[in-house]
Amino acid sequence: MVLAATPIGNMGDATERLIGLLHTADVVAAEDTRRLHRLVQALGVTVTGRVLSYHEHNEAEKTPELLELVRDGATLLMVTDAGMPSVSDPGYRLGGAAVAGGRGPPAVPGASAVRAALALSGLPTDRFCFEGFLPRKPGVRAGRLADLAAERRTMVFFEAPHRLEAMLRSLQQAFGSDRPAAVARELTKVHEQVVRGSLLELLQWAQDSEVRGEIAVVVAGAPEAAPSRPEDHVGEVTRLIDGGMRLKDAVAAVAADSRVSKRELYAAVIAAR
């Protein structure tokens, strides 16, 4: 079994390994057989093996059948419409079942919307997290974004064009209007476009534009909190003292929690008296 990435738009991004596997695999499991047909036509490849449909609606019933084919000696190639199987696409169930059975599948990497969007966003790329598609239900979505409000890493999301405006509004409400972000659409295709700005600016752009195509949204992580000053923690020390704690012990406890200098905090408490 092999999980192989397909181009996300530009057919020139197809790897030689993908082309070779499409031609030689005994079985090709495809998310959409019509899209597979268009892919091999564009690449000038002839699929000599059996083609099976494998998508989110039949994964559960098809997975045992595909695993049985592999156990019988067939070379199985798993592809989705664009990008790497199992990454916001079918394939996770099949790959997980193979790993559980001791047959961890190799991967054939290729074009990635996540990496391309990150590189073009202009935002920090040294640490990032991929969140895929946000939940559609407003309450569940708000909860997910609340969990991410303090996330320091750059975040990458996917979204459908007709839901982009609502998504950006949710991001603005959760992260603030000024949070830097970028919307990348139609990556590697003829009409590739990257729009950068604050979440408020991107929301206004989405409201004024007829947005189409595949979309990735990149959002900057939460900014570093401003370092606290000893003076900011005098009240905490005072409350501990009022509760019966000795000044020295109260200062030591608050300094440890707030990561400020014990000596400077002690001086600030004395100065405030």
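**An open mixed sheet, its core and a loop residue**

Five strands make up an open sheet with mixed pairing, in the order E6-E7-E10-E8-E9. The edges are taken by strand E6 (128-133) and strand E9 (193-198), each with a single partner strand, so one side of each has no neighbour in the sheet. From one strand to the next the twist averages 15°. Strands (E, at least two residues) and helices (H or I, at least four) are DSSP runs numbered from the N terminus, and two strands pair if DSSP finds at least two bridges between them.

This is a predicted model, in which local features need pLDDT of at least 70 and side-chain atom pairs count only at pLDDT 80 or more, while totals for chains, interfaces and linings use all residues. Residues are numbered from 1 along each chain as its sequence is written, and side-chain values use heavy atoms, with hydrogens and water left out.

Strand E8 (residues 180-185) pairs with strand E10 (residues 215-219) in the antiparallel sense over five bridges. Here Val-183 stands opposite Val-217, and Arg-185 has Ile-215 as its bridge partner. E8 also pairs with E9, in the antiparallel sense over six bridges; Ala-184 has Val-194 of E9 as its bridge partner. Five of the six residues of E8 are buried, so the strand is largely enclosed by the rest of the structure. Buried means under 20% relative accessible area, exposed over 50%, and partly exposed in between (1.4 Å probe, protein chains only).

Helix H8 (residues 199-208) lies across E8 and E9 and runs at about 130° to E9. Such angles run from 0 to 180 degrees between N-to-C directions, with axes fitted to C-alpha atoms, for helices over the stretch in contact.

The largest nonpolar core has 23 residues, of which Phe-157, Leu-164, Leu-168, Leu-171 and Val-217 touch the most other members. Two or more residues each come from helix H6 (138-148), strand E7 (154-159), helix H7 (164-175), E8, H8 and E10. A nonpolar core is a set of buried Ala, Val, Leu, Ile, Met, Phe, Trp, Tyr and Cys residues joined through side-chain atoms within 4.5 Å. Another core, of 17 residues, lies apart from this one and includes Val-2, Leu-36, Val-40 and Val-108.

Asp-89 sits in the loop between strand E4 (76-79) and helix H4 (92-100). Asp-89 counts as partly exposed because its relative accessibility is 23%. Beyond its neighbours within four places in sequence, Asp-89 is in contact (heavy atoms within 4.5 Å) with Glu-31, Thr-80, Ala-82 and Met-84.
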